[in-house]
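I opened this notebook to keep a record of what I looked up in the structure, entry by entry.

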Amino acid sequence: LYSYMTDVIKDVEPGSGGVIFTPWLHGNRCPFEDPNAKGMFFGIGLETGKTELIRAVLEGVFYHIRWMLECQDRKLKTSDRIRFVGGGALSPVSCQMLADITGRIIETVESPQNVGSVGAAAVAAVGIGIIPSLDSVKDFIPVTETYYPDSENHIKYEKYYRIFKKIYPANKKLYRKLAEKG
């Protein structure tokens, strides 16, 4: 299903035809904490199709990741390279979108959906002395693909990212009203 979804959106222009998705389906904790925050599609029109909606979901998740990275950077500089793991990292379309939205280099590893198990095995291997230290674990998990931001797409995404960051403050009171009982 994920392969199908990323295949059908590969030709949709950055910005999903002006549709922005907020991924706060369980409230939010970072960069703002609000259990009442909700997900929404913002900017839907009669011309909006399912491919724009699907792409908007991915873009919304990646806008949120960028927002969190920027907040973290104010306290401690994060890496210019991001190791993207999990099922989403199986899709070159998703990897390129993440690079374009964040403006950072995205790296993937073999079987990124299994990285949690690989990490647990690596910690165990360090614990029993098979691997000398956690610092050397990276030598056993090489990068398989690297995605560089496309500067034209990054510029296109800037407009939508600025709007994305304004959606929460503009709707904060409405989220609270929706959450009220009675």
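Before anything else I wrote down that contact here means heavy atoms within 4.5 Å. I also noted that this is a predicted model.

**Entry 1**

I then asked how the two helices are placed, and I read that the axes of α1 (residues 2–9) and α3 (residues 92–102) come within 8 Å and cross at roughly 60°.

**Entry 1: the whole chain**

I stepped back to see the chain as a whole, and I counted five helices and five strands, which follow one another along the sequence in the pattern α-β-β-α-β-α-β-α-β-α. The C-alpha trace spans about 55 × 40 × 30 Å along its principal axes. Of the 182 residues, 37% count as buried. Among contacts with a separation of 6 or more, residues 24 or more positions apart account for 77%.

**Entry 2: helix α3 and its end**

Is α3 mostly covered or mostly open? I found that it is mostly covered, since nine of its 11 residues are buried, including Val93, Cys95, Leu98 and Asp100. These buried residues pack against α1, α2 (50–73), β3 (81–83), β4 (105–109), β5 and α5 (151–179).

I stayed with Thr102, which is found in this helix. At 10% relative accessibility Thr102 counts as buried, because buried means under 20%. Its side chain reaches the backbone oxygen of Leu98 at 2.7 Å, and the side chain of Thr102 also reaches the backbone nitrogen of Arg104 at 3.2 Å. Leaving aside residues up to four places away in sequence, Thr102 touches Phe62, Arg66, Leu69, Ile82 and His154. Just after α3, Gly103 takes a positive phi of about 75°.

A polar atom of its side chain lies 3.2 Å from the backbone oxygen of Lys38. Not counting residues up to four places away in sequence, Thr22 touches Lys38, Gly39, Met40, Phe164, Ile167 and Tyr175.

**Entry 3: backbone details in the loops**

I then went through the loops for backbone angles that I wanted to remember. Ser16, in the loop between α1 and β1, has a positive phi of about 50° although it is not a glycine, and Ser16 is buried, with a relative accessible area of 0%. Ser111, in the loop between β4 and α4, also has a positive phi of about 50° without being a glycine, but at 32% relative accessibility Ser111 counts as partly exposed.

Where does Pro31 lie? I located Pro31 in the loop between β1 and β2 (40–42), and I noted that the peptide bond from Cys30 to Pro31 is cis, with omega near 10°.

**Entry 4: helix α4 and the loop that follows**

My last entry concerns α4, which has 13 residues and reaches 18 Å from its first C-alpha to its last, close to the 18 Å expected at 1.5 Å a residue. Just after α4, Gly129 takes a positive phi of about 90°. Further on I came to Ile141, which lies in the loop between α4 (115–127) and β5 (143–147). Which residues does Ile141 touch, not counting residues up to four places away in sequence? I found Arg83, Val109 and Val118. I also looked up Ile141 against Leu76, and the two are 65 residues apart in sequence and 25 Å apart in space, C-alpha to C-alpha.

Technical notes
Residues numbered from 1 in each chain as written. Predicted model: local features only at pLDDT ≥ 70, side-chain atom pairs only at ≥ 80, totals over all residues. Heavy atoms only, no water. Helix = DSSP H or I, 4+ residues; strand = E, 2+ residues; numbered from the N terminus. Axes fitted to C-alpha atoms, helices over the stretch in contact; angles between N-to-C directions. Expected span 1.5 Å × (residues − 1). Polar contact = N/O pair within 3.5 Å; in protein donor to acceptor, adjacent residues only side chain to side chain. Buried < 20%, exposed > 50% of the residue type's maximum accessible area, 1.4 Å probe, protein only.
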